[in-house]
Amino acid sequence: MAQSAPSKPTACLALADGTLFYGIGFGATGQTVAELCFNTAMTGYQEIMTDPSYAGQIVTFTFPHIGNVGVNPDDDETGEPVAEGMVVKWDPTLASNWRTTEELKDWLVRTGRIAIGGVDTRRLTRAIRQQGSPHVALAHDPQGNFDIEALVAAARSFAGLEGMDLAKDVTCAQSYRWDEMRWAWPDGYSRQEAPQHKVVAVDYGAKRNILRCLASAGCDVTVLPATATAEEVLAHQPDGVFLSNGPGDPAATGEYAVPMIREILETDLPVFGICLGHQMLALALGAKTVKMNHGHHGANHPVKDYETGKVEITSMNHGFAVDAQSLPDGVMETHVSLFDGSNCGIRIKDRPVYSVQHHPEASPGPQDSFYLFERFADAMAARKAG
């Protein structure tokens with residue numbers, strides 16, 4: 001027998017300008033405040049919800065079929081969901097996938113994340129594109145009782161991500177080793193048993209699949225907290241240094257990260273950065289970052305590599321960008337977004353120091369950019385050879 005629809009909405013999304021979206025709540029009950037963004041990926045909602053780069057944000061999924069593959073421990077990008085909540089078009093469907101170990105709704109309840117379904121996500125996405133990422137309050141009450149004035153006031157009181165250092169909230173508490181490689185059929189995840197390069201990865205909110213890609217490229221990875229000093233990094237005698245993805249305002253994280261990176265740049269070590277790590281490297285080189293209107297969030301973003309002329313379809317998740325006009329002499333712009341022309345990559349001329357804004361680990365997303373990890377490994381091999 002079909003379950004009857006609730007007689008009234010059980011969730012409400014309130015924007016700071018007073019706009020209200022009602023729907024059916026699922027997941028945890030209660031209220032949360034955050035910045036609202038949208039993600040255009042057709043797969044990978046679990047990877048998106050557990051991506052540390054989404055700290056302080058609620059994600060609107062433009063793809064309507066959410067929940068159909070359930071969740072499983074292998075697809076977590078970190079231990080628990082980091083995104084504050086989710087907004088979807090329809091009530092999540094029951095899982096129908098051989099890897100499923102838990103239903104999406106149950107997972108959200110267990111991990112304390114609020115969600116709302118039955119929302120016109122096309123209208124909401126259009127509002128975000130036109131007006132920028134709004135501050136919002138999301139409430140779920142099974143009885144459907146909402147204090148609208150209080151919700152709007154809570155949205156308006158949210159401080160926003162500008163000036164916010166969130167890397168400290170999502171980084172590891174202490175250093176650890178990583179040797180797990182990328183998932184492959186039929187064995188799943190295997191271990192890197194013959195690494196060729198020793199890499200220190202600075203964790204500003206690193207996704208597990210990025211670390212797996214480093215291991216798959218032949219790296220013995222040691223992960224250090226975001227606040228690690230150059231002395232602590234160099235004490236491991238690495239062949240290369242990796243700067244990870246992460247959330248928040250790069251200028252705020254740069255208060256402690258930039259001095260460390262500048263000391264590393266005084267050595268001849270290869271350096272590779274992704275996402276927030278890209279922005280940290282740019283700041284260390286003297287460039288500036290800016291807050292974007294609505295950012296880039298999805299697994300279908302075209303990026304042009306200026307050096308090869310190729311166009312890569314990439315996975316992205318960022319609300320800040322490097323200002324290409326502020327790049328100093330000796331630093332090249334290597335990649336650019338074909339959506340809006342924003343910077344997506346830089347490189348120091350004649351040195352193995354480079355970074356990209358997109359996520360080449362493809363979790364979720366296309367694998368066009370995996371070569372960047374191999375380029376990093378080649379740079380470390382060349383340094384040792386010569």
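User: Is Glu35 buried or exposed?

Analyst: This is a predicted model, and every value here is computed from it. Relative accessible area under 20% counts as buried. Glu35 has 3% relative accessibility, so it counts as buried.

User: Which side chain does Glu35 meet in a salt bridge?

Analyst: A salt bridge pairs a side-chain nitrogen of Lys or Arg with a carboxyl oxygen of Asp or Glu. Here the side chain of Glu35 meets that of Lys291, at 3.2 Å from N to O. Glu35 belongs to strand 3 and Lys291 to strand 13, so the pair ties together parts that are 256 residues apart in sequence. Lys291 counts as partly exposed because its relative accessibility is 27%.

User: How many salt bridges does the structure hold?

Analyst: There are 12 salt bridges in the structure. One of them links the side chains of Asp268 and Arg383, with 3.1 Å from N to O. Asp268 sits in the loop between helix 8 and strand 12 (271–274), and Arg383 in helix 10, so this pair ties together parts that are 115 residues apart in sequence. Asp268 is partly exposed, with a relative accessible area of 49%. Arg383 is also partly exposed, at 32% relative accessibility.

User: Next, the sheets. In what order do the strands of the closed barrel run?

Analyst: The closed barrel has 7 strands in the order 1-2-6-5-4-3-7, with mixed pairing. Its neighbouring strands are turned by 35° against each other on average, direction ignored. As an example of pairing, strand 1 (residues 11–15) and strand 2 (residues 20–27) run antiparallel and are joined by 4 bridges. In this pair, Ala11 stands opposite Gly23 of strand 2.

User: Which strands does helix 3 touch?

Analyst: Helix 3 (residues 121–131) packs on the sheet and touches strand 1, strand 2, strand 3 (30–39), strand 4 (57–61) and strand 5 (85–87). The direction of helix 3 makes about 75° with that of strand 3. Helix 4 (residues 148–157) lies across strand 1, strand 2, strand 3 and strand 7 (135–140), and runs at about 50° to strand 1.

User: Which strands stand at the edges of the open sheet?

Analyst: The open sheet has 10 strands in the order 8-10-9-11-12-17-16-15-13-14, with mixed pairing. Strand 8 and strand 14 (311–322) are at the edges; each has a single partner strand, so one side of each is left without a neighbour in the sheet. On average, neighbouring strands of this sheet are turned by 25° against each other, direction ignored. Within the sheet, strand 13 (residues 289–305) pairs with strand 15 (residues 331–337) in the antiparallel sense over 3 bridges. Lys304 stands opposite Val336 in strand 15.

User: Which residues of the largest nonpolar core touch the most other members?

Analyst: A nonpolar core is a set of buried nonpolar residues joined through side-chain atoms. The largest one has 33 residues, and Tyr204, Val233, Val241, Leu243, Met260, Ile261 and Leu265 touch the most other members. Helix 8 supplies the largest share of this core, 7 residues. A second, separate core of 27 residues includes Trp178, Val223, Phe376 and Met380. Among the contacts of Leu265, leaving out residues up to four places away in sequence, are Val271, Leu281 and Ile348.

User: Why is helix 9 described as largely enclosed?

Analyst: In helix 9 (residues 276–284), 9 of the 9 residues are buried, so the helix is largely enclosed by the rest of the structure. Among them are His278 and Gln279. Just after helix 9, Gly286 takes a positive phi of about 105°.

User: Which other backbone angles are worth checking?

Analyst: Most residues other than glycine have a negative phi, and most peptide bonds are trans. Asp350, in the loop between strand 16 (343–348) and strand 17, has a positive phi near 65°. Asp350 counts as exposed, at 78% relative accessibility. Ala362 also has a positive phi, near 60°, but is buried, with a relative accessible area of 14%. As for peptide bonds, a cis bond with omega about 0° joins Trp185 and Pro186. Another cis bond, again with omega about 0°, joins Ser363 and Pro364. Pro364 is in the loop between strand 17 (353–356) and helix 10 (371–385).

Technical notes: Residues are numbered from 1 along each chain as its sequence is written. This is a predicted model: local features need pLDDT of at least 70, side-chain atom pairs count only at pLDDT 80 or more; totals for chains, interfaces and linings use all residues. Side-chain values use heavy atoms; hydrogens and water are left out. Buried means under 20% relative accessible area, exposed over 50%, partly exposed in between (1.4 Å probe, protein chains only). Helices (H or I, at least four residues) and strands (E, at least two) are DSSP runs, numbered from the N terminus. Two strands pair if DSSP finds at least two bridges between them. Axes are lines fitted to C-alpha atoms, for helices over the stretch in contact, and angles run from 0 to 180 degrees between N-to-C directions. A nonpolar core is a set of buried Ala, Val, Leu, Ile, Met, Phe, Trp, Tyr and Cys residues joined through side-chain atoms within 4.5 Å. Contact means heavy atoms within 4.5 Å. A salt bridge is a side-chain nitrogen of Lys or Arg within 4 Å of a carboxyl oxygen of Asp or Glu.
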